[in-house]
Amino acid sequence: MNNTTAMSKRLKIRKIVFGIRFKFSAIMISAVILVSALIGFALINQYEQKIIATLNRLGSTTLKGIADQAQIYLHAKHILSDTQKYPLTDGQRDAFADELENSLKKMSEYFSSVILKEKLLDISFIIDISWSDIGSDWKDRDQSSYYYFNRVNGAFFTQGDGKKDPLLEPTMLSHYMQNIEIGTFMGFVDVSDVDTQFKDLFKNKPNYVVVGIPIFNNASDVELYKNYINFKNEFVSKDSVQNYVKRKKLFREALTDRIIFQGLSLPYNITVQTGKDKNLLLIFLFNKLNLSLLNQMQRADLRKEFFIKIDAISTNNIISLPKLKSLFMIFIRRYGLRKKYDSEIKFWQELYYFVKINKLQPYSDMSLDELALVSFRKDLAGILGLFFQREHYTTEMIENRNEIINLIISILIRVIFIAVLFPTFIIRTVSYLAEGAFAIGKGNLDKKLDITGTDELGRLADIFNVMTTNLKKAQELKIEKMRMEQELLTAQEIQSALLPEKLPVIKGMDFAAYYSSQTEAGGDYYDFIDLGNGYLGITVADVSGHGVGSGLVMAMTRTLLHAYCKNILNTKKIFEIINEYLKENTASNYFVTMFYGILHLDTLKLTYSSAGHCQPIIVRDGKVRQLPAGGIALGVMNSEMFQPLVDIKEIQLQRGDYFIQYTDGVTEAMDSGSSQFGLERFLKTLLANAEKTAKQMTNAVVKEIDSFTGTIPQHDDITMIIFRIR
Amino acid sequence: MKLNIKWFSVTTLIIGTIPFLILFIWCSVNGFGVELVRIFESIHPNGGLSIFNNIDESFISRLPGIIINTAYAALDSFIFGITFSSLYNLFLTKLETDESKDE
C-alpha cells in the first residue's frame, strides 16, 4: 500500500516536472528556430545581393576587356579594309593583321578565363553588324568564332545591315537553346530593339543577371564610348533608390548633353507648358529660318499658325523632338524660305544648345538603364551581353549558403541542449516544492522547504513555509479548543449531577424548578434537601461570575451545605460555616449569594436566612408579596463581621400559597435594547399565572423571559424554583 | 557528494571562456595560435564573421569574429558544465540507491 502511494507520488511529481520542462523547452526551441530561420533567410538574401553585385562587377570588367579588344579589332579591320584611305606598307599591314588576330585571341581568352577556368558564368554575347565577321575571319580554323564559342560555352549571333542571319530565326534560336550544352545560354539582339529582346529572352528566367555593354563602329568613337562608360559608372551602375533619385536629377542634364547625338527615331520629348515656352520655340525655329526677331514678332499670322501646329502635334504639352523637326520642315516647304536647313546634325546641335540655355525639360519615357543601352544606337557596332545564371555561377554563394545553414544548425544544436538541460535548475526546485506539497498534504506540517533565493520560486517556498506554520498553529488551536470544550462539557455534566435529579414529591405540594446556565458550567445552584423529621431544606444560590470557576465554588458550597444541613437545622449557622470556609479557601473575587430555608412540612412554617440574595416571593390570594431577605454574600467577610449581618426569618405558609425564589438572572435578563426584564414584569407574570401549577407558572415565566429577550444571547445564569401548597 | 549544477556550469563557463577570449584577442593582434583558432572556427560556423576574414584590417574590424567565437566558447563550456554535472549527479544517485539496496 505504501509502495503504491509512493509510486503515485513519484508519478505525479514527474508529471509536473515533465510538464514544465516540456513547455520551457518547446517555447525556447520554437523561438530560436523562428529567429534562426529569419536570420538565415536574411543572411542568404544578403549573400545573394552580394553575389549579384559581384556578378555585375565581374561582368562589367569582363565585358570591358572584351569590348576594348573589340575596338582594337574593329579599328584594325577598318584600316585594313580601306586601303585607299589608309595606305599601308606590308609591315604595317602585317602588324594590323597581327593586332586583329591578337585581339580575337584576347577576346577568346577573356571568355575562356571567365567561362572555362573560373567557371564564373554561363554566357551568351550579342554582337551586331560588322562584328559578325569575326568568326569567319578566324585564321587557320574552319569554323567561325561563333562555333568556337558555341562549342565551349555559348552561342554567338549576329545581325546587321538589314540582312537577317538565319540563326536569328526563332526556330534556330530554339534549336540552339535546346541543344547547347547544359550550363550555357545564348541570346541575340537587334540593337534597335535591344530592350525588348532582352526582356523577351529573360522574362521567364529570373535567375539570370544581365550585363550589357555597347561596342562601337570605329575607333573615332572612342570618346563617345568613354562618355558612355563615365555615364554608366556615374549613374547607371548605382541601383539604390537614393541614387536613382539623384541619377534622375542628373540624368536630365546628361540627356540634354546627349540630344545632339541622337537620331530622330529616339523618343525624346520636351515639355512646353506655357506661352513663354512656346514663344521660345518660335524664336528658335524662326532663327533657323533666318528671319529677324522683329519680323518674327510682326508676322502675327505666322505666329498664330505656328501655335496651332504646336498644339496639334503636342500631347498634354509634350512635344517629341522628331515631331518638332517635322514641323520645322513643314515651315521650310510652305514658306519657301531661302536658306534650307537640311543638316540634321546641325539642327540637333542648335536644338541642344537652345534646350540647354533655356532650361527646357527634356525627358524620355524609357528607363535610365534602357536609355543607357539604346541611346548610343547611332554609333553602336553592337551590344555585348553577358548573362549570369546564378545557380551555376554561384559556387561562392552555395558555400556561403552552406555556411549559413551550418551556422543555424550549430546554434540550434546548442539551443536544444540548453533548452533541454537548463530547466534542470528550475525543475530541481519545483520537484522539491512538489515533494513538500505532498508531505504537507499527508499531514506533515513540520515539513520546511529549504529553498533560498529571491526569485519567484524562492518567494513561493517562503510563502509555502509561512502557510505550513500557520496551518500548524491553526491545527494546534483547534485541538486546544476541542480539549477545552470537552473539559467544559465534563464540567457541565458534573455540575448537572450536583443539581437535584428529581424534584420532591410531597403530598399537597407541587414543585417546579428551572435552571439555565449561560456557559457550559454555571454558577447558580438550587436544591431541595430532605432533612428528615418532616423538614425540607430549600436553597437557591448564585456564585459571582460564570464558567468553570463559579461552578467549582458552587460545588464547594453544595458540598458544605450537604455536609452540615442534616445535623444543623439552623440556617444562620449553616451560612456561618459556609462563609468561613469560602472566605478562607476561595479567591477574593468569588462570593456566593444564597437563600436557604427549612420548611416544616407539617406546620408549613418556613425558617430561612438570606445571604445577600434576592427576596423570596409569596403569591397569596391573588397578591404578590416579597419577603424580607437582607444579609451579605458568603465568602466576602470574616465570621466576626458576617455574623451580625445575617439573621433568621420565619414565615407561615398557607394552603394556596406559591413560594418563588430565583436568582438575579431572571430580573436582569436583557432585550436587544439592553432593557432589563425587571422585577415588576416578573411579579406580573407570576400573578397572571397564580391559578396554575408550579410547573405551569415556571414555564410561563420562562416563556415571558424568552419573548422579552428574543434572539439576544443569555447573559447570566437563570435559576428559579416555585412550589405551591395545595 | 552531488555537484551543484548551476555553479558548476558557471565555473566551466568561466574556465572555458576566458582562456579562449585571450587566445582570440592575441591571435587577432599578432597571429598567435592561428592554427588552433582555425581549427576552432572550422567547427564553429560564424556566417562569415571570421577573425581571419579581416586579418589585414584594423583590430576593430575583427571584433565581431572575436565576439562570435567567444560566444561559442562560453556556450559550449556552459553546456558542457550542465551536461557533466547532470550526468554525474544522475549516476551518483543510482550508485547510492544500489548501495542502500545492498545494505
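Contact here is two residues with C-beta atoms, placed from the backbone, within 7 Å. Residues 235–241 of chain A are also below 50, with twelve contacts beyond near neighbours in sequence. For chain A I noted a mean pLDDT of 71, with 61% of residues at 70 or more.

Housekeeping: this is a predicted model, where local features need pLDDT of at least 70 and side-chain atom pairs count only at 80 or more, while totals for chains, interfaces and linings use all residues. Residues are numbered from 1 along each chain as its sequence is written, with chains lettered from A and ligands numbered from 1 in the order written.

Next I looked at the chain contact: 14 residues from chain A, twelve from chain B. On the chain A side, α15 (395–421) and α16 (423–441) each supply at least two residues, and α15(A) gives the most, ten. Helices are DSSP runs of H or I, at least four residues, and strands are E runs of at least two, numbered from the N terminus.

Then I went to β13 (617–620) of chain A. Strands pair if DSSP finds at least two bridges between them. I found A:I618 opposite A:R625 in β14(A), and A:F659 is its bridge partner in β16(A). In the β13(A)–β14(A) hairpin, with two residues between the strands, A:D621 has a positive phi near 55 degrees.

Conventions
pLDDT = per-residue confidence, 0-100.
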